[in-house]
Amino acid sequence: MTFDILIVGVGGQGTILASNVLGEACLLEGRTVRSAETHGMAQRGGSVESHVRIDGRHGPLIVPGTADLLIAFDLLEALRYRHFLQPGGKLVTNRRIIVPTSVYTQKIDIPDEETVLAALGDLAITAIDAAALAAEAGSPLSQNIVMLGAASHHIPLSPDSLAAAVQRCVPPKTVEVNQKAFGLGRDAGRRH
Amino acid sequence: MATRYLLGNEAIAHACLEGNADFACGYPGTPSSEVIDILRAQQERQLYVEWSTNEKVAFENALGASWSGIRALCTMKHVGMNVASDPLMTSAYTGVTGGFVILCADDPFAHSSQNEQDSRWYAHASQVPCLDPSSVQEAHDMIRDAFSLSEEFGLPVIVRPTTRICHSKSDVELGPIGTEHRIGEFRRDPKQYVMVPAHARVLHTKLNEKQEGIKKRLVELGYNRYEIRGETAIIANGVAAAYVQEVMPEGVSFMTIGAYPIDGEWLAGFVGRHRKVLVVEELDPVVEEAVRQVATATEVHGKMNGYLPREGEFTPAVVAAALQASGFTPTRIFPESPPVPGIPPRPPILCAGCMHRATFYAMRKVFRDAVFPSDIGCYTLGLQLGAVDTTICMGASITVGSGIAQSGEQRDVVCSIGDSTFLHSGIHGLINAVYNGADMIVVILDNRTTAMTGHQPNPTTGVTATGEPSGPISLDAICRACGVSFVETVDPYDLPLLIETFRQARERNGVRVIISKQPCVITARRAGIRRKPYAVDPDRCTGCGICRAFGCPAIVFTDDHAAITDLCAGCGVCADICPAGAIAREGRR
């Protein structure tokens, strides 16, 4: 059996780096892994998704209704992709929404954060303020690692492997900040 | 042997190093671009790497290298093969000397493409072998071996991964980097390399004679293989074979097609042993047609009888549904799980500070009712700004535009094309428009890079693929040499000047070129260029919404007033469009 994780967010938020951390952690534990990601023009501020299948041996794609864990770097994207979760699947999400420019240019109504959280209320959900924790860690760019830390309680990889994988994947100058970000995220995830 | 977690394209690039490639070139195109990007950045093996100006140029360069005896790789996306198809067709006659591998990446679902064409048809039409990997590991292994396969057959070999191979990741076993290097030496042999009719006729016969041997060899090498497990069977290729393995029940025979041409006799033997066969393949029914040709008493299911879709990409759920429809029992059933309706869309958009947005704004300000043919690049997103009326293929903005202008259409024709696309295949169209007296305006969106595919350098950038300085080419000089007399280069961040230049161009006749020149905001940031951000004075903002319609992601609207977020790149164009004068550089009031 695979453990299927969908990571979603907005192009530029670092979903690919987060999926790289999961892949490297699988290698550290000697496990197989398959993943698929969004490249190319879709990254320009668009909605992006990374599929990661721990212990995967065949295809990289996760089918809607079957994901074990959804990690959303943006609350609106959590709502957009919630149908990928299987019944009983876990959601770990950022509490904040980056408002899509389409809302301004096409004058579309957007639900506020409380409304979206209420619409996700039937799920097993952990919602954290990733921006605040990333700032505490020392860089707003570390939100992706904060989110991984918060989700780490639900991922069948040891925290040590994940932390070691973070060290392998992030730019050398940012290792310390990202390790702090992982720890802060993990603490925040535990409180829920 | 080392196991690493790699992107399909990274594994492919590594396999080229293992396969002793001494030459690599290509034109960027999603999902193929990372292969050359990795080869040009790596230090593990010395080889010649170039970004070529288009796919035909790349193909012919690699062919020349191969004819000189060295191993060469040429990369492109599926539609790039259309551009390179001229040399492809005849290179099958001439054959190759050093191993020649064409990496041609297909894009089911057109994630980043204008169509869903299937490159296997090119292999069929040109009669060259084609390898079709079903996983990242297999893509790696096939590329590594394709160089020697090409030398064995004396033919170019096409390797055609799809998006879900190129842009998926997996644990991959890598081999050692090749240490064999060759130095090119062209051996004169006109009967082989000069395709006058007398030589071509002889070589066409030779090409036809090679085919039977190739088919047998591809089975021997294990690219096409099967396991007999029962009286019904599934045949699959590419990443669809991986989806089949996820849901296939026990007791069903399984054939994987990993290479073309398929040996008909071998295929008939397998099909004939089964009562029923389901063919699962993305894009066109290439394998299915072959199966139907050899099936006599066997019931065949697939796309051609509607059991699988002819469009888009597959998933394990699509495959499981086809298994059910054709009477197999998949090991997994996927219940319907529809998305929540009514969520505001989040399409990709031009970046904050992107020069294209400013250029399109000025264009639309001066030409309210014109025809706007456009081209392929980030600027195709100008569709959202009402500035893109046509996009069909690389370079077709100027040519489609001149056709519209010559058709009797009374409105102005204002087309847009990026610097890399202009150099790819725009120049011929410009010469043609000038030569034939078209009346139109050509806007070259010159951001000094090939931005959409990942900022690959091109002749306007000033460096080669490997970072060697290469004096940036002058687009102004090219346009003048093509015979254009009105050529103006303008900085799009100077909005008033850009608008004035569009107005001047509108008053003239013939082909007029405006080069809107400003580095891509992403490459500028990477190069350390920092511009002070802008801010809205809430007391002056009237909430008119003109800046909102500009569509910059750094501009938000709360409580009927505009504000600028930290995404601001400091281009300052919004300050020029605000009628209330409410926007200024931070700290400047």
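## Model and numbering

This is a predicted model: local features need pLDDT of at least 70, side-chain atom pairs count only at pLDDT 80 or more, and totals for chains, interfaces and linings use all residues. Residues are numbered from 1 along each chain as its sequence is written, while chains are lettered from A and ligands numbered from 1 in the order written.

## Domains of chain B

Chain B is assigned domain 1 (2–220), domain 2 (227–325), domain 3 (355–526) and domain 4 (534–585). The bounds come from an automatic or database domain assignment. The C-alpha centres of domains 1 and 3 of chain B lie 32 Å apart.

In chain B, 15 residues of domain 1 contact 16 residues of domain 3 (contact: C-beta atoms, placed from the backbone, within 7 Å). Helix H2 (34–41) and strand E3 (48–51) of chain B each give two or more residues to the domain 1 side. Helices (H or I, at least four residues) and strands (E, at least two) are DSSP runs, numbered from the N terminus.

## B:Asn20

B:Asn20 sits in the loop between helix H1 (8–18) and strand E2 (23–26) of chain B. B:Asn20 counts as buried because it has 21 C-beta neighbours inside 10 Å (buried: 20 or more other C-beta atoms, placed from the backbone, within 10 Å). Its contacts include B:Arg71 and B:Phe147.

## Chain B against chain A

Here 43 residues of chain B contact 41 residues of chain A. H10(B) gives the most to the chain B side, with 5 residues.

Strand E2 (residues 33–37) of chain A pairs with E8(B), antiparallel, over 3 bridges (pairing: at least two DSSP bridges). A:Ala36 stands opposite B:Ser168 in E8(B).

Note on methods:
Contact = placed C-beta atoms within 7 Å. Buried ≥ 20, exposed ≤ 12 C-beta atoms within 10 Å, placed from the backbone. Lists of a residue's contacts leave out its neighbours within four places in sequence.
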